[in-house]
Amino acid sequence: MTPIIKPALFVFCLVVAACGQAGARDAQLTPGRIVEISGPLSLRLAIGEEAVEIRLASLVSPVPERTQAFLTDLLSSPQVDVEFLNETTDRYQRRLGTIWLEAGGERRDLHTLLLAEGLVWLYPYPDAIDHLPAWRLAEEVGRTSGAGIWGEPEFRVRDVDPDMLMQDVGTIQIVAGRVTDAAVLGNGRVYLNFGSNYRTDFTIRIDAELAAAFTARWGDLAALEQRRIRVRGVIRDENGPMIIPPNSDRMEVLED
């Protein structure tokens, strides 16, 4: 099964495929055999004599059953290559990585396929930083073409309307809007406010210990006033709806 992409996005697909082919050449790949699709974003593999469970890094799925069914259909051939993204495991003792396979006559990584199909959201962690440009592009392919969840209103990128966002408290969402005020406090904490009332409107909070990393990634944070921002994370109820991104790749400064 390969993604169905509208003709207008063909050039995007070519770029994604080129990035995937280059990534496969550069990555340290380990041959493996799929034993089981153990979850919507995890697979059990036999690697030599060792049994290993892989968790696909930096992804979340709002539609886990559909994602797992897609993986089951796609990975009918058990032979794949694994790219481990670090030497550690998560709290469930799974290694973090991605899977490379032949899809549509091309060498592709599983993240790119899932993102272009609109079955997952990118949810960046530092482990996957080298892959993020290609994966962001694949997600844009899916979003722009209305693939999968992107064609369904309940999974759209959220507006900064606080009344609507308060209904999403406790869930992971992607939110986009224009910063009305960027407040840098004396203690180093930064608040990006998306309305005239910081006590009720949507806010991004950047904690002091992360401000330097956000500044290195996105420039002067005070200068983000009137810029369009997209952020992904758990909606919290803290003086209105709020997201507190744990790393600078969870936030994007968008072109107007």
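In helix α2 (residues 64–74), the residues Thr67, Phe70, Leu71 and Leu74 are buried, where buried means under 20% relative accessible area, exposed means over 50%, and partly exposed lies in between (1.4 Å probe, protein chains only). Seen down the axis of α2, these buried residues fall within an arc of 100 degrees, so they line one face of the helix; the arc is that of the directions from the helix axis to the C-beta atoms. The cover over the buried residues of α2 includes β1, β6 (95–103) and α3 (110–116), with contact taken as heavy atoms within 4.5 Å. Helices (H or I, at least four residues) and strands (E, at least two) are DSSP runs, numbered from the N terminus.

The model described here is predicted, so local features need pLDDT of at least 70 and side-chain atom pairs count only at pLDDT 80 or more, while totals for chains, interfaces and linings use all residues. Residues are numbered from 1 along each chain as its sequence is written, and side-chain values use heavy atoms, leaving out hydrogens and water.

Helix α2 also holds Ala69. This residue is partly exposed, with a relative accessible area of 39%. Between Ala69 and Pro40 there are 7.9 Å in space, C-alpha to C-alpha, although the two are 29 residues apart in sequence.

We can turn next to the strands. Strands of a sheet pair through backbone hydrogen bonds, either parallel or antiparallel. Here two strands count as paired if DSSP finds at least two bridges between them. Strand β1 (residues 30–39) pairs with strand β5 (residues 79–89) in the antiparallel sense over four bridges, and Gly32 has Val80 in β5 as its bridge partner. Strand β1 is also joined to strand β2 (residues 42–47), again antiparallel, by five bridges. A hairpin connects β1 to β2 through two residues.

What surrounds strand β2? Five of its six residues are buried, so β2 is largely enclosed by the rest of the structure. Six bridges link β2 with strand β3 (residues 50–56), and these two strands run antiparallel. Within this pairing, Ala46 stands opposite Ala51 in β3. The hairpin of β2 and β3 has two residues between the strands, and Gly48 there takes a positive phi near 65 degrees.

Several of these elements contribute to the nonpolar interior. A nonpolar core is a set of buried Ala, Val, Leu, Ile, Met, Phe, Trp, Tyr and Cys residues joined through side-chain atoms within 4.5 Å. The largest such core has 41 residues, and those with the most contacts inside it are Leu45, Leu75, Leu110 and Leu114. Apart from this core lies another, of 22 residues, among them Val160, Val190, Phe202 and Ile235. Leaving aside residues up to four places away in sequence, Leu114 touches Leu41, Leu56, Leu59, Thr67, Phe70, Leu71, Leu119 and Val120.

Strand β9 and strand β13 (residues 228–234) are antiparallel and share seven bridges; one of the pairs is Ala176 with Arg230 in β13.

Helix α6 (residues 208–218) has Ala211, Phe214 and Trp218 as buried residues. They cover an arc of only 75 degrees around the axis, which puts them on the same side of α6. On the other side of α6, Glu209, Ala212 and Ala216 are exposed. The buried residues of α6 pack against β11 (190–193), β12 (203–206) and β16 (251–254). Just after α6 comes Gly219, with a positive phi of about 85 degrees.

Finally, the loop between β15 (241–243) and β16 contains Asp249. Is this residue buried or exposed? At 8% relative accessibility, Asp249 counts as buried. Residues up to four places away in sequence aside, Asp249 touches Pro124, Ile129, Leu132, Arg136 and Arg217.
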